[in-house]
Amino acid sequence: MAQITLIEAVTQALAYEMAHDDSVVVLGEDVGVNGGVFRATQGLQQKFGELRVLDTPLDETTIAGVTVGLAAQGMKPVAEAQFEGFIYPMMEQIACHAARMRNRTRGRITVPAVFRAPWGGGIHAPEHHSEANEHLFANIPGLRVVLPSSPARAYGLLLAAIRDPDPVVFFEPKRIYRQYKEEVPDDGEALPLDVCFVLRDGGDVTLVTWGAQVKECLEAADALAEEGIGAEVIDVATLTPLDFDTIAESVHKTGRCVIVHEAPKTAGFGAEIAARVAEECLYDLLAPVERVTGYDVHTPLYRLEMKQMPSTARIVEAAKRTLAAS
Amino acid sequence: MAQITLIEAVTQALAYEMAHDDSVVVLGEDVGVNGGVFRATQGLQQKFGELRVLDTPLDETTIAGVTVGLAAQGMKPVAEAQFEGFIYPMMEQIACHAARMRNRTRGRITVPAVFRAPWGGGIHAPEHHSEANEHLFANIPGLRVVLPSSPARAYGLLLAAIRDPDPVVFFEPKRIYRQYKEEVPDDGEALPLDVCFVLRDGGDVTLVTWGAQVKECLEAADALAEEGIGAEVIDVATLTPLDFDTIAESVHKTGRCVIVHEAPKTAGFGAEIAARVAEECLYDLLAPVERVTGYDVHTPLYRLEMKQMPSTARIVEAAKRTLAAS
Amino acid sequence: PFDAKIVMPGDAPYASPAIRAFARELGVDIRQVKGSGRGGRIVREDVTAYVKHALASGARPVQGAPA
Amino acid sequence: MSIAAKFEIEYLQYLDAEGKQVRDDLPAFAQDLDHMVELYKLMMSTRVFDAKSVALQRTGKLGTYASCLGHEAAHVGIGSAMRPEDVLAPSYREYGAQLYRGVQPREVYMYWGGDERGNDYRKEPARHDFAWSVPIATQCLHAAGSALAFKIRGEKRVAVCTIGDGGSSKGDFYGAINIAGAQNLPLVAVIVNNQWAISVPRKIQSGAPTLAQKGIAAGLFSIQVDGNDIIAVRKAMEDALERARSGQGGSVLELVTYRLGDHTTADDARRYRGEQEVKDAWAREPMKRLKHWLVAKGAWDEQKEEAWKAECDDWMDDEVNAYLETKTQPVTAMFDYTFAELPADLARQRDLALSLEHKAH
Amino acid sequence: MSIAAKFEIEYLQYLDAEGKQVRDDLPAFAQDLDHMVELYKLMMSTRVFDAKSVALQRTGKLGTYASCLGHEAAHVGIGSAMRPEDVLAPSYREYGAQLYRGVQPREVYMYWGGDERGNDYRKEPARHDFAWSVPIATQCLHAAGSALAFKIRGEKRVAVCTIGDGGSSKGDFYGAINIAGAQNLPLVAVIVNNQWAISVPRKIQSGAPTLAQKGIAAGLFSIQVDGNDIIAVRKAMEDALERARSGQGGSVLELVTYRLGDHTTADDARRYRGEQEVKDAWAREPMKRLKHWLVAKGAWDEQKEEAWKAECDDWMDDEVNAYLETKTQPVTAMFDYTFAELPADLARQRDLALSLEHKAH
Ligand SMILES: Cc1ncc(C[n+]2csc(CCOP(=O)(O)OP(=O)(O)O)c2C)c(N)n1
Ligand SMILES: Cc1ncc(C[n+]2csc(CCOP(=O)(O)OP(=O)(O)O)c2C)c(N)n1
Ligand SMILES: [Mg+2]
Ligand SMILES: [Mg+2]
Ligand SMILES: [Mg+2]
């Protein structure tokens with residue numbers, strides 16, 4: 001069993017499901033011979049042919065709409081937006097059709113599609129190649145938003161997304177595409193799409209996060225542990241529909257909640273979690289909720305890029321503030 | 001001085017500013033001879049000519065991109081999306097260009113544009129004509145989101161939006177387009193874009209809302225008053241950048257916060273307000289924050305449409321729950 | 001250096017943050033207060049009653065001067 | 001001067017406005033007069049159906065409704081040329097095509113009457129067609145995606161989308177024909193050019209002299225058709241379907257017709273177009289010419305016309321009754337089709353909505 | 001058969017791959033040999049500049065960079081035909097056009113070097129041009145909007161956008177040419193067809209035999225040009241600009257060229273295209289033919305070539321130094337251009353960021 005990276009886990013999941021289900025097809029820009037600009041679809045066209053791994057013309061609206069059409073005909077398309085910054089032209093098809101077709105037709109037509117996109121900053125890429133815009137899809141009923149943060153979760157959640165009978169927007173944190181390897185058995189085992197992952201237990205403060213920031217949160221937890229503070233780390237991973245119960249349970253235990261995400265603060269998905277805490281866990285709270293997020297500015301070009309992101313130090317400080325507060 | 005409706009106030013603001021500033025132009029589908037499907041631009045083409053009131057081809061992407069181009073050349077375009085449900089194809093141009101041009105060019109090119117759209121449900125319209133999707137724009141830095149709820153605020157805020165040197169998404173609650181009239185002097189006086197409006201004072205509970213739901217909140221406040229409960233009603237109106245201070249002041253006073261909006265609950269803009277309360281007003285809170293919102297479903301066709309929206313009764317109940325809690 | 005006393009998990013008294021803040025202001029250890037609200041929740045009156053009772057009984061409810 | 005490429009757009013017409021046959025080479029289907037009578041009858045039932053819908057709206061029994069008055073030849077021509085296994089992705093007023101494929105008037109009424117069940121077409125082949133699509137032009141890509149599915153699976157099926165003159169300005173239309181050309185997809189994209197997009201006239205929608213020529217941009221076969229002449233529409237459709245089915249690629253058809261009614265019942269076309277234009281358009285409308293032609297051939301007469309109209313009326317009365325008798329969906333219906341399985345949070349919201357219902361009663 | 005419309009796409013070329021003149025009717029500008037030498041020199045400085053950029057990237061002094069190798073005739077042809085008052089909306093590799101209009105190499109370096117100040121072109125006329133546009137094809141609509149502004153204000157200016165073969169598939173391109181046709185806007189849309197969109201070859205990008213014919217969809221004047229022949233490019237641009245300026249409407253130009261390098265420095269083209277194809281393309285590249293032609297006319301020689309190259313090297317060294325000496329912006333720069341005035345909340349975030357900086361130092 002090989003050790004693989006997150007991006008290799010994506011490829012492995014795609015290859016597994018394509019081999020086991022003829023209706024799975026992959027489409028997007030440069031997904032064919034080139035295997036995707038990040039190599040997520042590496043080798044798939046060679047293995048499954050040009051019909052099932054299709055290089056589309058350069059139009060994200062086309063990709064999204066054709067994906068809806070494929071899915072409506074019983075295929076299970078996995079479409080790629082080359083970067084999350086190019087997903088905007090897909091929004092009408094995702095919001096108005098993919099997420100709605102089941103409801104519109106009372107279940108007659110469904111859209112079991114996956115819309116994949118590399119997500120987030122931190123790789124010194126040009127403009128529009130480094131955004132965190134997952135919240136754009138979080139208020140759309142009928143849609144799942146998934147954002148794995150490890151090779152194993154990428155594999156299991158992508159399998160689940162493809163098999164799910166409803167549309168899934170699947171963001172992949174590109175900063176950690178190749179950050180580390182782990183063993184991911186290619187056993188076709190999917191992970192559930194409706195639970196958060198508790199990555200580390202702790203009794204003093206709950207760190208809630210997703211995507212590349214999971215790493216900083218785990219580091220922050222280590223740093224806090226050295227000072228005797230127990231931080232529980234929750235990887236939300238399946239943002240919507242949200243499994244708030246896991247978060248509530250943790251906050252009930254710790255009384256303190258720090259939410260960490262890369263996207264700008266205002267109306268980011270962290271707001272939803274903070275809101276749920278304020279609604280459902282108020283009597284548990286020993287300190288104000290903290291959000292450690294990107295600032296409300298556009299991701300700067302790469303010189304300043306990392307300064308816009310939540311750092312481990314900022315997370316540690318916020319956690320300590322919650323402890324000092326009560 | 002005439003009594004006018006909200007939609008007439010929109011027309012009045014457009015006409016005022018077009019008469020006083022040659023660089024203001026209006027564009028969109030059916031905005032010309034027809035005066036817009038809601039008559040928001042009624043009479044403008046006759047008054048200002050076909051060059052300044054332009055019926056565009058039927059493509060929202062075109063409208064948005066051309067608007068960016070016009071603004072970059074020093075015009076002040078006011079573009080219309082015919083309904084909020086058709087604004088999705090504008091998102092790339094709004095998120096990637098309108099909201100970013102100033103930042104991208106270090107201020108060399110700016111986009112002083114307004115993107116108007118009738119917004120929300122409740123008029124028995126077909127599918128995609130009755131959504132509340134303001135939160136889609138709330139996480140985009142460099143953009144203002146404005147949503148007036150009275151004729152006077154529509155007039156003053158639209159003038160401010162047109163004059164503002166940055167792009168503004170301006171949603172108009174169509175359910176109350178013609179709900180009532182009030183005197184709105186055509187004096188060219190703009191309202192500030194960075195303050196919430198306190199519509200009613202009260203010491204027991206704070207109702208925070210915007211758009212058509214302002215009406216239900218005021219009704220709820222009346223009902224609560226009859227039971228001796230003082231509800232303060234805040235119309236957020238200028239959603240982003242958010243004036244949280246006004247809300248914080250009120251919650252400091254009342255200790256209870258009920259947020260009301262039409263959009264689905266999860267990751268709606270109400271989440272941001274609840275989050276800020278949990279972060280900044282925690283020690284003021286006597287009761288959990290409540291959100292009374294649309295359910296996390298697609299706006300149903302018109303038979304069930306009103307059942308998806310927050311009703312006055314639901315607001316009253318929520319307010320009472322906050323009082324019972326403490 | 002960080003030196004706050006960590007309130008132990010499960011110690012969270014059943015009171016809203018505002019009431020806990022109120023108790024802190026009065027120097028009341030809210031864990032000593034009995035709640036009369038719904039489900040045993042501590043309300044403002046419970047805190048003031050606790051203070052009155054403590055003063056009346058000559059005890060010292062105040063743990064230290066409020067910060 | 002060196003020429004890189006040359007193109008011609010044909011204009012196809014068999015019957016002129018008076019019903020005079022302007023070509024001798026009638027296609028096979030048109031030589032079958034019984035069949036032509038069938039088509040005429042469906043055109044008429046479409047028109048009767050449409051008038052009934054408008055009447056329902058005017059009396060408060062229907063919400064906004066988009067009429068198809070004047071489009072009967074275009075729509076029935078499209079629907080009748082398709083095979084059952086093909087797929088139709090319509091916009092919102094192509095009832096003539098849909099009735100042919102099994103959509104029931106009661107379903108149309110339900111849809112415009114604010115009930116999603118109207119989209120749950122019960123009869124094949126309509127049952128595997130797409131539902132009405134309100135966001136303009138988006139359905140063209142659903143057809144392209146369907147065509148791609150057929151190609152991938154090696155099925156000899158064709159996807160057909162319809163789109164208005166206005167809609168042909170939207171990127172989705174272009175994207176659909178472009179990928180059809182690039183991937184040789186079995187797609188037939190039909191532009192129903194009725195001269196108006198709500199209040200925006202054809203001439204400021206595009207600077208192109210024909211809309212058919214938009215197909216040239218994608219390298220597709222492109223043709224302009226008299227959209228009020230059902231023989232021409234049907235023939236152009238049959239040819240395009242055959243080309244697509246046999247792997248020869250997609251087509252763009254422009255059917256030139258006229259929207260005789262308001263855009264929808266929420267619109268008042270007198271605000272933006274002259275009466276004379278509409279009068280002139282009535283002289284070219286599709287029913288009259290086909291009737292003249294059928295009558296001249298001895299295949300139709302006034303008596304048959306009256307009898308069929310009466311039958312249509314009866315049919316529509318039944319449909320209207322079925323519609324009016326349908327109970328509104330329970331409040332839970334708005335939750336139950338959001339996901340295949342109701343997520344936990346949503347189940348709680350559903351319970352809340354249900355409890356509010358019970359309180360209200 | 002009745003024909004509704006007919007079209008021809010001309011192919012324009014003056015110099016073949018060997019620099020042989022294939023037409024006698026040289027345009028006026030091309031009869032001015034001094035001017036042609038100027039163009040050649042700018043093509044060469046563009047190439048030297050480009051090689052320097054790639055070298056900077058390879059040595060870690062620049063981020064990802066999109067090379068323009070092979071596009072020199074196309075880009076310089078575009079830039080040199082425009083008047084200062086016109087507006088250019090480029091995508092991301094049209095340096096030849098931009099250098100002509102006053103963009104400085106140091107600005108290009110700053111941009112790809114992760115510093116927004118690279119977009120703040122200091123010199124006119126570049127200063128009133130658009131910045132690089134990464135979201136494909138979106139810039140076409142900015143040009144259309146600019147053209148509309150010129151029309152509204154009655155200014156005799158033209159907006160020019162460039163777009164790739166890949167980008168010409170995107171709805172924005174179609175929307176831009178469509179509104180230009182519908183509103184008779186002074187827009188020149190230039191498709192720089194370099195045969196590749198990253199790894200996607202021209203033939204699966206579109207089924208159309210030429211990309212020029214996309215202009216037919218919008219009713220625009222459309223022409224295909226040898227994009228490696230600067231005389232042809234410049235001539236087609238001049239004509240298109242003149243038509244636009246004089247109110248005769250927009251044009252679509254397809255410049256046929258070849259991307260000799262990788263898509264960007266982050267790409268490895270050997271993954272998806274054969275060596276032979278690239279070799280063949282080198283035989284048609286734009287510098288050689290113009291040089292041959294100029295040398296044959298006695299206007300250029302090896303000595304001049306060497307001298308000019310040396311000058312270019314010096315120039316680029318200066319520019320590189322200026323770039324390398326530029327200090328990174330303070331952390332506050334990411335806040336200060338978000339709005340005209342900093343909103344209160346954002347000011348607090350700015351303070352936070354600043355305090356973290358101070359802590360770090
Ligand atoms: C994306 C989008 N934008 C705007 C609308 C509003 N709208 C509905 S129909 C219509 C005009 C359509 O004209 P055309 O395409 O010619 O079709 P027709 O109605 O004439 O059949 C418009 C603008 C819409 N439904 N979708
Ligand atoms: C909307 C969008 N989608 C995808 C990309 C990623 N991308 C950058 S360049 C490129 C290919 C462009 O090809 P072409 O238009 O032919 O221009 P060229 O690079 O050849 O000049 C792609 C897919 C992007 N920048 N924007
Ligand atoms: Mg799935
Ligand atoms: Mg039309
Ligand atoms: Mg290219």
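How much area do chain B and chain A bury between them? In this predicted model, the two chains bury about 4100 Å² between them, with 57% of it on carbon and sulfur atoms.

**View 1. The contact of chain B and chain A takes residues from both chains.** Chain B gives 48 residues to this contact, and chain A gives 48 residues to it. On the side of chain B, the residues that lose the most area to chain A are B:Asn139, B:Glu279 and B:His298, which together account for 18% of what that side buries.

**View 2. Salt bridges and polar contacts cross the interface of chain B and chain A.** Across this interface there are 10 salt bridges, and 26 residue pairs are in polar contact, with both residues of each pair at pLDDT 80 or more. A salt bridge joins the side chains of A:Glu279 and B:Arg291, for which the distance from N to O is 3.1 Å.

**View 3. Helices and a strand of chain B contribute to the side that touches chain A.** The elements of chain B that give two or more residues to this side are α4 (91-98), α5 (101-104), α9 (269-280) and β14 (290-294). Of the elements in chain B, α9(B) gives the most to the side that touches chain A, with 8 residues. Sorted by class, the side of chain B that touches chain A has 26 nonpolar, 12 charged and 10 polar residues.

**View 4. The site of ligand 1 is shared between chains, because residues from chains A, B and D surround the ligand.** In total, 21 residues surround ligand 1, and the closest are B:Glu60, D:Tyr92, D:Arg93, D:Asp165 and D:Gly167. By class, the shell around ligand 1 divides into 9 nonpolar, 6 polar and 6 charged residues.

View 5. A polar side-chain atom of D:His263 lies 3.5 Å from an oxygen atom of ligand 1. Ligand 1 exposes 580 Å² when taken alone, and the protein buries 95% of that area.

Definitions and conventions
Residues are numbered from 1 along each chain as its sequence is written. Chains are lettered from A and ligands numbered from 1 in the order in which they are written. This is a predicted model: local features need pLDDT of at least 70, side-chain atom pairs count only at pLDDT 80 or more; totals for chains, interfaces and linings use all residues. Side-chain values use heavy atoms; hydrogens and water are left out. Contact means heavy atoms within 4.5 Å. Buried area is the accessible area (1.4 Å probe) that two parts lose on being put together, summed over both. A salt bridge is a side-chain nitrogen of Lys or Arg within 4 Å of a carboxyl oxygen of Asp or Glu. A polar contact is a pair of N or O atoms within 3.5 Å; within protein, one must be able to donate a hydrogen and the other to accept it, and residues adjacent in sequence count only if both atoms are side-chain atoms. Helices (H or I, at least four residues) and strands (E, at least two) are DSSP runs, numbered from the N terminus. Ala, Val, Leu, Ile, Met, Phe, Trp, Tyr, Cys and Pro count as nonpolar, Asp, Glu, Lys and Arg as charged, and the others, Gly among them, as polar. A residue is near a molecule or strand if one of its heavy atoms lies within 4 Å of it. Accessible areas come from the Shrake-Rupley method with a 1.4 Å probe; for residues, only the protein chains shown count as cover.
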